[in-house]
Amino acid sequence: MTTKLYWYDSHLAQFSAQVVDCFVQDGHRVVVLDQSAFYPGGGGQPYDTGAINAARVTAVAMAEDGRMLHHLEGDVPFQVGEIVAGVVDWPRRLEMLQQHTGQHILSQAFFQLFGAETRGFRIFDQVAEIDLTLDGSPDELTTAIGQAETLANAVVFEDRAVRLHTVTPEEAVQLPLRKENFNTDYVRVIEIADFDWSPCGGTHAQRTGEVGLIAVRSWERAKRMTRVQFVCGGRALRDYRAANQTAASVARRLSVGRDEALEAVARLLEEHKKLERRARALVELATQAEAQELLTATPMTPTPRIILRVFDDRDFDDVKLLAHRLVAEQGVLALLATRTRDMVRLVCARSADLPVEANTLLQPVCEQLGGRSGGKPEFAQGSGIRVAELEHAMAKAVASLTG
Ligand SMILES: [Zn+2]
């Protein structure tokens with residue numbers, strides 16, 4: 001079995017050890033040492049990375065027989081019996097132990113305040129998350145999460161000691177252990193002075209101050225529990241910087257201070273809604289006038305009065321609106337298209353008093369243009385991609401109608 005140096009000293013980043021075994025597994029060089037400061041992963045906390053001599057350690061895993069497997073980059077073998085120097089990537093370890101210890105504190109805060117148990121814990125690249133047996137309305141949960149966050153940070157600001165106890169299962173029963181059903185290791189208990197006792201095999205801060213700020217980033221309901229995403233320490237600082245930068249950039253664009261940005265955005269959205277309503281009303285008026293103009297220019301006989309138009313890159317909703325306005329008059333058949341360089345969209349509509357079927361008329365047009373159409377006898381729409389054939393296809397459809 002590999003002696004776990006991290007078990008006794010989570011701040012040990014450099015160590016020496018003797019090579020016990022060295023082999024190739026799944027194409028990767030693996031080395032086993034008599035002792036190691038590398039954390040092999042577990043309990044929601046990822047493994048450490050670092051180096052053994054000059055070889056990069058890319059992954060660490062604990063085998064079932066208690067031997068710690070260090071996966072190495074490259075294929076330089078070590079000799080059994082050789083003394084090697086191990087270096088744990090400290091910034092990564094610090095980041096992990098901040099999130100991990102922060103989780104102990106946050107989980108206890110939820111338990112003390114609301115009796116909520118932590119049923120799951122994971123550290124990801126950017127955030128960590130816990131699954132809590134916490135229920136309530138969105139407003140209640142927002143308030144509760146804020147209170148737990150406040151309590152957790154108070155424990156950080158008090159800079160309490162974090163102590164390690166090695167206990168027998170009998171002794172463990174005497175401790176006010178917080179239940180975490182994803183961890184059954186009752187030999188090692190981590191105490192956050194007068195606050196939390198948790199059985200745990202991970203790496204922890206020496207004092208709560210080392211965890212730094214504990215900030216809840218978001219939360220959601222998942223699997224009938226409340227899942228809380230949070231960041232601690234260096235991650236919280238990075239997250240604050242990013243959030244502040246976003247808020248400041250938005251404020252600058254609106255020419256207001258950061259704290260006035262939300263109100264300015266609300267005003268802008270209100271203004272936008274008003275303009276949208278006004279634009280719709282104006283388009284309606286313009287379309288009405290355009291329809292009137294087109295109808296005036298089209299003789300009253302023969303019927304149906306056919307109105308054919310091709311527009312360049314016109315909004316399709318506007319084209320459809322125009323078709324509706326045209327066929328509000330009796331005896332009108334409208335076949336309108338809007339085209340870009342590589343796409344045509346068409347609408348065919350007819351007045352209620354005409355026996356012509358717009359969908360039947362439009363179908364061969366769209367097929368000729370390499371596209372499709374759909375709709376009803378009174379109103380149909382479609383599209384195609386053979387833009388060059390548009391005029392010809394439309395003329396053919398009209399010819400089929402007039403015989
Ligand atoms: Zn722990």
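## Helix α5 and the zinc site

Helix α5 covers residues 234-253, 20 residues in total, and spans 29 Å from first C-alpha to last, close to the expected 28 Å. Helices here are DSSP runs (H or I, at least four residues), and strands are E runs of at least two, numbered from the N terminus. The expected span is 1.5 Å times one less than the number of residues.

This is a predicted model, in which local features need pLDDT of at least 70, side-chain atom pairs count only at pLDDT 80 or more, and totals for chains, interfaces and linings use all residues. Residues are numbered from 1 along each chain as its sequence is written, and side-chain values use heavy atoms, without hydrogens and water.

R235, A236 and A251 of α5 are buried. Buried means under 20% relative accessible area, exposed over 50% (1.4 Å probe, protein chains only). These buried residues fall within an arc of 135 degrees seen down the axis, so they line one face of α5. The arc uses directions from the helix axis to the C-beta atoms. On the other side, R241, Q245, R252 and R253 are exposed. Just after α5, S255 has a positive phi of about 55 degrees.

Now the metal. Donors are N, O and S atoms within 2.8 Å of it (3.2 Å for Na, K and Ca).

| Zinc donor residue | Atom | Range for the donors |
|---|---|---|
| H100 | NE2 | 1.9 to 2.2 Å |
| H104 | NE2 | 1.9 to 2.2 Å |
| C200 | SG | 1.9 to 2.2 Å |
| H204 | NE2 | 1.9 to 2.2 Å |

The four donor atoms subtend angles of 101 to 125 degrees at the zinc ion, which makes the arrangement tetrahedral (all angles between 85 and 135 degrees). C200 and H204 are both buried.

Key
Four donors count as tetrahedral if all angles lie between 85 and 135 degrees; four count as square planar and six as octahedral if opposite donors are over 155 degrees apart and all others between 65 and 115; anything else is irregular.
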